[in-house]
Amino acid sequence: MTESKSTNIILFSGDYDKAMAAYIIANGAAAYDHKVTVFHTFWGLNALRKDGKVEAQKGMLEKMFGKMMPRGADKMGLSNMNMAGLGPKMIKKVMKKHNTSTVPELIEMAQMQDVNLVACQMTVDLLGFKKEELLDDITYAGVAAYLGEAEDGNVSLFI
Amino acid sequence: MNVTKSIDVKGLACPMPIVQTKKAIKELQTQDVLEVVTTDAGAKADLTAWAKSQGHALLDEKEENDVFTFWIQKG
């Protein structure tokens, strides 16, 4: 082991299964002693939302957006076989049986492993999220911050 | 084999075995041997690749009734 390597994942999707894949890779890369960053943009930002309703100063459109999108990873749908919410229920049951970590657990573990969670500021504004609605220990950045990490990175993924 | 530490990650699914293995080996000294007991059938490929990348040696392994045991020496 010489200089530490880095893994940079862009989580664009707001699907439970895709967030799960992203966070499994993030945790695996942290176990590889990589410097790991997960950049959340667009629908992927929902993974960073706190699960309850958070009071924030918002306009009408922002409030509507907030209502239409899942509050936190646990409320996300599946990219396939969602079946109006039945799919996630079924897969969570199967996951329990197989002792698979849930996405909220994977996110917590990623934070424990010092994975850097980043919210894309531009899409945070676009979708009308306020800082108090998102997890506390995250950073806010833009495309240059991602590229700064990724240009010297070893693993780069867009999910 | 002189095992310094043993972890039981039976029943846990990917990525937990590798995350726990990494956590355990971090606390050991070079040359110490970590025993990992798992039921994850993907662990063999995972631990082999991980140990190689991290400079640890996978000394031995065995499989018994779907339980896999690995011995990894910290490098």
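Reader: Where in chain A is the place of Phe42(A)?

Author: Phe42(A) sits in the loop between strand S2 (35–40) and helix H2 (60–68) of chain A. Helices (H or I, at least four residues) and strands (E, at least two) are DSSP runs, numbered from the N terminus. Before we go on, this is a predicted model: local features need pLDDT of at least 70, side-chain atom pairs count only at pLDDT 80 or more, and totals for chains, interfaces and linings use all residues. Residues are numbered from 1 along each chain as its sequence is written, chains are lettered from A and ligands numbered from 1 in the order in which they are written, and side-chain values use heavy atoms, with hydrogens and water left out.

Reader: What is the phi of Phe42(A)?

Author: Start with the general rule. Most residues other than glycine have a negative phi. Phe42(A) is not a glycine, yet its phi is positive, about 45°. Gln31(B) has a positive phi too, about 80°, and is not a glycine either. Find Gln31(B) in the loop between H1 and strand S2 (33–38) of chain B.

Reader: Is Gln31(B) buried or exposed?

Author: Look at relative accessible area. Buried means under 20%, exposed over 50%, and partly exposed in between (1.4 Å probe, protein chains only). Gln31(B) has 52%, so it is exposed. Phe42(A), at 25%, counts as partly exposed.

Reader: Which loop holds Gly42(B)?

Author: The loop between S2 and helix H2 (43–54) of chain B. Gly42(B) is partly exposed, with a relative accessible area of 32%. Now compare sequence with space. Gly42(B) and Pro17(B) are 25 residues apart along the chain, and their C-alpha atoms are separated by 9.7 Å.

Reader: Which residues does the cis peptide bond join?

Author: Most peptide bonds are trans. Here a cis bond links Cys14(B) and Pro15(B), with omega about 10°. Pro15(B) lies in the loop between strand S1 (5–8) and H1 of chain B.

Reader: At what angle do H1 of chain A and H1 of chain B pack?

Author: First, axes are lines fitted to C-alpha atoms, for helices over the stretch in contact, and angles run from 0 to 180 degrees between N-to-C directions. H1 (residues 16–31) of chain A and H1 (residues 16–26) of chain B pack at about 25°, with their axes 9 Å apart. H1(A) and H1(B) are therefore roughly parallel (angles under 35 degrees; over 145 is roughly antiparallel, 65 to 115 roughly perpendicular, the rest oblique).

Reader: Which residues make the contact between H1(A) and H1(B)?

Author: Contact means heavy atoms within 4.5 Å. H1(A) uses Asn27(A), Ala30(A) and Ala31(A), while H1(B) uses Ile18(B), Val19(B) and Lys22(B).

Reader: How many helices and strands does each chain have?

Author: Chain A has 6 helices and 5 strands. Its order from the N terminus is β-α-β-α-α-α-β-α-β-α-β. Chain B has 2 helices and 4 strands, in the pattern β-α-β-α-β-β.

Reader: What radius of gyration does chain A have?

Author: The radius is taken over C-alpha atoms, and the globule rule is 2.2 Å times the number of residues to the power 0.38. With 159 residues, a compact globule would be near 15 Å; chain A has 16 Å, which agrees. For the 75 residues of chain B the rule gives near 11 Å, and chain B has 11 Å, which agrees.

Reader: What share of each chain is buried?

Author: In chain A, 43% of the 159 residues count as buried. In chain B, buried residues make up 45% of the 75.
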